[in-house]
Amino acid sequence: MDSSHTLNDGFPVCNVSCGNGVWTGHNCTFGQHLNCLVVNVTDHVNASSLAMGQDKGKYDFYIGLGLAISSSIFIGGSFILKKKGLLRLAKKGSMRAGQGGHAYLKEWLWWAGLLSMGAGEAANFAAYAFAPATLVTPLGALSVLVSAVLSSYFLTERLNLHGKLGCLLSILGSTTMVIHAPQEEEINSLEHMAKKLVDPGFCVFATLVIIVALIFIFVVGPRHGQTNILVYITICSVIGALSVSCVKGLGIAIKEAIAGKSVLRNPLAWFLVLALVACVSTQINYLNKALDIFNTSLVTPIYYVFFTTSVLTCSAILFKEWEHMGTDDVIGTLSGFLTIIVGIFLLHGFKDINVSLATLAVSMRKEERPYATANGMASHSTYELLHNESTEDMEDREMGLPFDSVSRRNGAMTSTLDH
């Protein structure tokens, strides 16, 4: 349908209907053929919606990143507060927690540490609702780093050269993972989550995880659990992949509940709650067994590697977070993860060795001394200087407190003083 009217300047303007609902106006004369400008409104709306969705995805990514980092800060700080409170009780002569005492319940620092840990766990839980699990889980290593750094300042515990290098590598690895982590969310509703859970790939993965866990629990565990550190850690790690998936689903359910959707009537939400309780209970049980039998400095890095690897594998299968990543991002994410592993190993594996730049300088001088003596260049005063420095270093080593062991049990920090 065409219609026309006349402007004040006397030229007629033809309004042309272009078939798709778009009207265009042209100055024209009667009898002329009009050129119709076709604009696809549907594509324009879809493009606008896509752009808004991408912006929202970026905001969610940064929100999840901030929650993950704040979770590590709260959890790492909670260890310091609780340890400080327990040390104050020890100075007062109260019965220690490791001896069955409960005087820490009257210490406000201990309660502050408990609240800080609760805040960290809540932030970690919420982070999974906004950011990919590929990003949130590896950043859990920052809590160990925060605890190590704060211990050197507030608990007078030494952080040796290996520990400082480990902290630096952990920061570099975490930064690399943040830069290359996937920023697009593949699941934004419980209905979409339900479709992902019945995907054949995830069904096969979940079945294998459950079978492996049952074999280790009932067959391998009773025979080799007391002698092989990998048995109980493997159980915690493979089950942990399923627990993170449940946390991710519950985070989405909470977001929908806040938006006003009816979540309590959805059977999937209750299934995720029950599955999460079962998985976390199993993790805590067998991780406590591993910590009770083996050295914490060994359990912590091994558990971090196994647990994070299981979560990354589960995320790749269930959430398809790796499908939209380029080759450079995949390599960057894996490189960042390996860098964090090396950092955690240096931080825990050599924490009882007193190595610093000063001791390295003394060792280098000791190695040079026999060569200098052979050439007749050594002096008695140089020997006395080296002897005094070595003696002072040995005295400092005897007076220095060993770096207390720290571990992350499903997001919780523990110390040997609590046992």
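The model is predicted. The protein has 13 helices and five strands. Of its 419 residues, 42% are buried.

**Overall make-up**

- The accessible surface of the protein is about 22700 Å², and carbon and sulfur atoms hold 65% of that area.
- Among contacts in the protein with a separation of 6 or more, 75% are between residues 24 or more positions apart.

**Annotated transmembrane regions**

- An unreviewed UniProt entry gives the feature "transmembrane region" for residues 61-81, 108-130, 136-155, 202-223, 229-247, 268-286, 298-319 and 331-350.
- Residues 61-81, one of these annotated regions, are 100% helix and 0% strand in the model, with 30 Å between the end C-alpha atoms.
- Residues 202-223, also among the annotated regions, are 100% helix and 0% strand, and the end C-alpha atoms of this span lie 30 Å apart.

**The salt bridge**

- The count of salt bridges in the model comes to one.
- Asp60 and Lys255 form a salt bridge through their side chains, with an N to O distance of 3.8 Å.
- This pair joins distant parts of the chain, as Asp60 is in helix H1 and Lys255 is in helix H8 (residues 229-258), 195 residues apart.
- Side chains of opposite charge can pair when their charged atoms come close.
- Asp60 counts as buried because its relative accessibility is 12%, under the cut-off of 20%.
- Lys255 counts as partly exposed because its relative accessibility is 29%, which falls between the cut-offs of 20% and 50%.

**Ser71 in helix H1**

- Ser71 is found in helix H1, which runs over residues 41-92.
- With a relative accessible area of 1%, Ser71 is buried.
- Ser71 is in contact with Gly120, Ala123 and Asn124, when its neighbours within four places in sequence are left aside.

**Helix H11**

- Helix H11 covers residues 327-349, a run of 23 residues.
- At 1.5 Å a residue, helix H11 should span 33 Å, and its end C-alpha atoms are 32 Å apart, so the two values agree.
- The buried residues in H11 include the glycines Gly332, Gly336 and Gly343.
- Also buried in H11 are Ile340, Ile341, Ile344, Leu346 and Leu347.
- Thr333, Phe337 and His348 of H11 are buried as well.

Methods: Residues are numbered from 1 along each chain as its sequence is written. This is a predicted model: local features need pLDDT of at least 70, side-chain atom pairs count only at pLDDT 80 or more; totals for chains, interfaces and linings use all residues. Side-chain values use heavy atoms; hydrogens and water are left out. Helices (H or I, at least four residues) and strands (E, at least two) are DSSP runs, numbered from the N terminus. Buried means under 20% relative accessible area, exposed over 50%, partly exposed in between (1.4 Å probe, protein chains only). Contact means heavy atoms within 4.5 Å. A salt bridge is a side-chain nitrogen of Lys or Arg within 4 Å of a carboxyl oxygen of Asp or Glu. UniProt positions are given in the numbering used here, feature names are shortened, and annotations may be inferred rather than shown by experiment. Accessible areas come from the Shrake-Rupley method with a 1.4 Å probe; for residues, only the protein chains shown count as cover. The expected span of a helix is 1.5 Å times one less than its number of residues.
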